[in-house]
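Subject: Structure handover

Hi,

Here is the structure I promised you. Please open it and keep it beside this email while you read.

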Amino acid sequence: MRKLTAIIPCYNEEHHIAGALESVAFADEILVVDSFSTDQTVEIARAYASRILQHQYTTSARQKNWAIPQATHEWILLLDADERITTDLKEEIQHLLAGPIAEEILGFWIYRKNHFMGKEVHFSGWQNDKVIRLFRRDSCRYEDKLVHEEIQGDGRFSYLKSRIHHNTYRSIDEHVAKLNRYATWQAMEYDKITGTLTPYHFVVKPFWRFFRHYFIQQGFREGVVGFTISYLRSYSIFIRYVKVWLFRRDLK
């Protein structure tokens, strides 16, 4: 069987880190890459990790790209602290690594089972959420983006059947704060590629995002949770362009 390194980047994740690490206990090496946490994250991780490395955080993509070459083994399973490898996914990964893998396959997309506000979300646009989490160390790196980065490589990516458990929610205040951080990072990128700001950016695009999540992707079937997801996605588009407008006037 091919050996596996699990990498978990983290910062102040004392509420999540033990569960994430327990779920990758089957890996041959567990590497925690900490961004100088100020809570008990590192102390908790010591009970599980093969190695704990600390590295100053600039962006998620750069942090992960720094971590990847630190892995001992060719195959890497990268997990965020709020994600969990389920038993079915663990068995599928072990079976995969024990068998033949075509050389042109660099990694695998894994769908996520998302939980928000205490509910597993089946609609609202999250039903097809997927990420590349299992990949070859020497052939893959994250694209250099401030947000929503994904693995890239000169080859083919296949799919696994089982899903990652993803708990996107700790509190509504924390979730809105995260959306605001992401909107700031996106505004920095969109400022370079967006022309003159018009009502299209402030009205049409946010309205369309709500309509798509709530009606087309059937968020209405999730009740309050679906409405909240749809509204917050609309808000994230609106505040992104507000921040672009502010950047262009040297305001915050």
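A salt bridge is a side-chain nitrogen of Lys or Arg within 4 Å of a carboxyl oxygen of Asp or Glu. Keep in mind that this is a predicted model.

A search of the whole structure finds 15 salt bridges. Start with Arg112 and Glu83. Their closest N and O atoms are 2.6 Å apart. Arg112 sits in strand 6 and Glu83 in strand 5, so this pair ties together parts 29 residues apart in sequence. Buried means under 20% relative accessible area. Arg112 has 12%, so Arg112 counts as buried. Glu83 has 0%, so Glu83 is buried as well. Both belong to a network of salt bridges that also links Lys64, Asp80, Asp129, Arg133 and Glu149.

Next, look at Lys119 and Glu222. Their side chains meet at 3.6 Å, N to O. This pair links distant parts of the chain, 103 residues apart: Lys119 is in strand 7, and Glu222 is in the loop between helix 6 and helix 7. Lys119 is partly exposed at 30%, whereas Glu222 is buried at 6%.

Now the two helices. Helix 6 and helix 7 pack at an angle of about 160 degrees, and their axes are 8 Å apart. Angles over 145 degrees count as roughly antiparallel, so that is how helix 6 runs relative to helix 7. The crossing is right-handed. The contact residues divide into 12 nonpolar, 5 polar and 3 charged.

Best wishes

Technical notes:
Residues numbered from 1 in each chain as written. Predicted model: local features only at pLDDT ≥ 70, side-chain atom pairs only at ≥ 80, totals over all residues. Heavy atoms only, no water. Axes fitted to C-alpha atoms, helices over the stretch in contact; angles between N-to-C directions. Helix = DSSP H or I, 4+ residues; strand = E, 2+ residues; numbered from the N terminus. Parallel < 35°, antiparallel > 145°, perpendicular 65-115°, else oblique. Left-handed = near helix turned anticlockwise from the far one by under 90°. Nonpolar A, V, L, I, M, F, W, Y, C, P; charged D, E, K, R; others polar. Buried < 20%, exposed > 50% of the residue type's maximum accessible area, 1.4 Å probe, protein only.
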